[in-house]
Amino acid sequence: MSQVKENDTVKVHYTGKLTNGQVFDSSLEREPLEITVGEGKLIPGFENALINMKVNEKKTVEIVKEEAYGDIQKELFHQVTKDQLPQDIQPEVGMGLASKAPDGTEHQFRVVEVKEDHIVVDGNHPLAGQDLVFDLELVEIK
């Protein structure tokens, strides 16, 4: 029976959880995720966990933050004065905001603090700084 190796395109069902068991994403209610292993489109720990899996194999892996979304980076926190925001936005903690750079790239931010004259936004991935647990089931090797 063949096993997953670098550059294989695979289909995998997954459930991603925090170490406290809280589920943050799952493919079980939709089509399995299709990826080419080694392209770097997913976190390294997820891709590495697929190596050597066989079709229909299931396993649970813990991925340390360094192999997931990394540490929280303080330099990705920014103060934004409220006059820089569109007038129709009432910022609230937890709200997501997007900002477009001059080169056209879009950056996602999360509001973490709201003050009278400014807000503080966080540009880190929401799962940065956390170890993650994934339940994996390899569905297909193409």
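Which residues does UniProt list for "domain: PPIase FKBP-type"? The unreviewed UniProt entry lists residues 7-88 for this feature; UniProt positions are given in the numbering used here, feature names are shortened, and annotations may be inferred rather than shown by experiment.

1. Basis of the note. The structure is a predicted model, in which local features need pLDDT of at least 70 and side-chain atom pairs count only at pLDDT 80 or more, while totals for chains, interfaces and linings use all residues. Residues are numbered from 1 along each chain as its sequence is written, and side-chain values use heavy atoms, with hydrogens and water left out.

2. Secondary structure. The protein contains 1 helix and 9 strands. Helices (H or I, at least four residues) and strands (E, at least two) are DSSP runs, numbered from the N terminus. Read from the N terminus, the order of the elements is β-β-β-α-β-β-β-β-β-β.

3. Overall dimensions. Along the principal axes, the C-alpha atoms fill a box of roughly 60 × 35 × 30 Å.

4. Of the 142 residues, 31% count as buried; buried means under 20% relative accessible area, exposed over 50%, and partly exposed in between (1.4 Å probe, protein chains only). Among contacts (heavy atoms within 4.5 Å) with a separation of 6 or more, 62% join residues 24 or more positions apart. The protein exposes about 9100 Å², of which carbon and sulfur atoms supply 46%. Accessible areas come from the Shrake-Rupley method with a 1.4 Å probe, and for residues only the protein chains shown count as cover.

5. Charge. The protein carries 15 positive and 27 negative side chains, and the centres of the two sets lie 5 Å apart. Lys and Arg count as positive and Asp and Glu as negative, whereas His and the chain ends are not counted. The place of a charge is taken as NZ of Lys, CZ of Arg, CG of Asp or CD of Glu.

6. Thr9. This residue is in strand β1 and is partly exposed, at 23% relative accessibility. Leaving aside residues up to four places away in sequence, Thr9 touches Glu34, Ile35, Thr36, Glu140, Ile141 and Lys142. Thr9 and Glu140 are 131 residues apart in sequence, yet their C-alpha atoms are 8.5 Å apart in space.

7. Gln130. The loop between β8 (118-122) and β9 (132-141) holds Gln130. Gln130 counts as partly exposed, with a relative accessible area of 29%. Apart from residues up to four places away in sequence, Gln130 touches Leu18, Lys65 and Ala68. From Gln130 to Thr19 the C-alpha distance is 8.2 Å, across 111 residues of sequence.

8. Positive phi angles. Asn7 is not a glycine, but has a positive phi of about 75 degrees. Asn7 lies in the segment before β1 (9-18) and is exposed, at 59% relative accessibility. Asn56, also a residue other than glycine, has a positive phi near 75 degrees. Asn56 is placed in the loop between α1 and β4 (58-63), and its relative accessible area of 55% makes Asn56 exposed.

9. Two further loop residues. Gly40 is found in the loop between β3 (33-36) and α1 (44-50) and counts as exposed, at 56% relative accessibility. Gly40 and Leu97 are 57 residues apart in sequence, with their C-alpha atoms 26 Å apart. Glu66 lies in the loop between β4 and β5 (77-81) and is exposed, with a relative accessible area of 52%. The C-alpha atoms of Glu66 and Ala101 are separated by 27 Å, the two residues being 35 apart along the chain.
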